[in-house]
Amino acid sequence: MSQPIKITEAEQKSGIYSITNILNNKVYYGSSVNCVRRWSEHKTALIHDKHYNIHLQRAWNKYGKSNFRFDVVENVSADQLQIVEQQYLDFTNTFSMWTYNISKSVAHTNRGIKFSDESRRKMSIASKKRKPSDETKLKMSLSHKGKNTWTAGNPANNRDKTIYTFRNTLTNEVFCGIRVDFQKKYNLSQGTLGAVLCGKRLSHKNWELLIT
């Protein structure tokens with residue numbers, strides 16, 4: 001009999017959470033006064049193909065639930081929750097190719113809360129005045145460190161001019177060159193290769209990355 005999943009105290013508190021696609025490292029940010037309960041709500045909607053975020057829903061349908069990870073990024077007091085979440089949304093606006101978030105404003109996210117125009121104005125002013133703490137900036141930076149930055153129709157790997165060295169573990173063939181040439185030559189999956197480059201996978205079609 002399998003052991004029940006242990007829910008940490010941090011996950012039950014209010015804070016910023018992330019839902020990450022472990023194959024391509026795209027992430028969805030949200031906030032809740034009870035993070036683990038909110039994750040359960042997300043999963044229910046996604047499983048029934050009724051999630052309000054169409055980008056996240058399509059990715060869930062394509063990659064499957066086993067390829068998504070839930071994390072509590074930062075515990076935040078309830079009274080500061082919306083302000084800190086706005087900082088994360090601002091961050092995703094800068095690196096939109098990494099995220100599933102559609103709305104770039106806390107006032108417009110689907111949380112079942114109706115904000116008056118005055119409330120939105122005050123939240124906007126408060127968010128601009130409150131600069132991210134060093135801890136918040138570090139967590140946002142670490143959460144995106146090493147991500148492969150690509151989106152459908154405009155793959156960032158075409159702009160990646162880094163010279164990589166790969167070795168085929170079966171044939172011992174070695175390839176040295178840029179990522180896009182490697183993918184095209186051996187008909188490799190962009191997302192899976194990205195997982196290899198990020199250290200999420202050891203190899204792809206028997207090709208492993210050599211660290212030089």
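This note goes through the predicted model point by point, from the whole chain to single residues.

1. Basis of the values. Residues are numbered from 1 along each chain as its sequence is written, and side-chain values rest on heavy atoms, with hydrogens and water left out. Because the model is predicted, local features need pLDDT of at least 70 and side-chain atom pairs count only at pLDDT 80 or more, whereas totals for chains, interfaces and linings use all residues.

2. Overall architecture. The protein chain has eight helices and six strands, these being DSSP runs numbered from the N terminus, with helices (H or I) of at least four residues and strands (E) of at least two. Along the sequence they follow the pattern α-β-β-α-α-β-α-α-α-β-β-α-α-β.

3. Of the 212 residues in the protein chain, 42% are buried, where buried means under 20% relative accessible area, exposed over 50% and partly exposed in between, with a 1.4 Å probe and protein chains only. The accessible surface of the chain comes to about 12,500 Å², and carbon and sulfur atoms hold 52% of that surface; areas come from the Shrake-Rupley method with a 1.4 Å probe, and for residues only the protein chains shown count as cover. Among contacts (heavy atoms within 4.5 Å) with a separation of 6 or more, 55% join residues 24 or more positions apart.

4. The largest nonpolar core. A nonpolar core is a set of buried Ala, Val, Leu, Ile, Met, Phe, Trp, Tyr and Cys residues joined through side-chain atoms within 4.5 Å. The largest one has 12 residues, among them Tyr17, Cys35, Trp39, Leu46, Trp60 and Tyr100. Strand S1 (15-21), helix H2 (35-47), helix H3 (54-63) and strand S3 (68-75) each supply at least two residues of this core. Leu46, one of the core residues, is in contact with His51, Leu56, Gln57, Trp60 and Asn61 when neighbours within four places in sequence are left aside.

5. Helix H2. The end C-alpha atoms of H2 are 18 Å apart, which agrees with the 18 Å that its 13 residues should span at 1.5 Å a residue; the expected span is 1.5 Å times one less than the number of residues. Its buried residues are Cys35, Arg38, Trp39, His42, Ala45 and Leu46. Seen down the axis of H2, these buried residues fall within an arc of 125 degrees, so they line one face of the helix, the arc being that of the directions from the helix axis to the C-beta atoms.

6. Residues with positive phi. Most residues other than glycine have a negative phi. Asp49 has a positive phi near 60 degrees and lies in the loop between H2 and H3, where Asp49 is partly exposed at 49% relative accessible area. Asn206, also not a glycine, has a positive phi of about 75 degrees; it is placed in the loop between helix H8 (190-197) and strand S6 (207-209) and is partly exposed at 33%.

7. The whole structure holds 11 aromatic pairs, a pair being rings of Phe, Tyr and Trp (its six-membered ring) with centres within 6.5 Å, and planes under 30 degrees apart counting as stacked, over 60 as edge-to-face and the rest as tilted. Ring pairs link Tyr164, Phe166, Phe175, Phe182, Tyr186 and Trp207 into a cluster. Leu197, in helix H8, is in contact with Tyr164, Phe166, Arg179 and Leu209, leaving aside neighbours within four places in sequence. Leu197 is partly exposed at 21% relative accessible area, and its C-alpha is 9.2 Å from that of Glu208, 11 residues apart in sequence.
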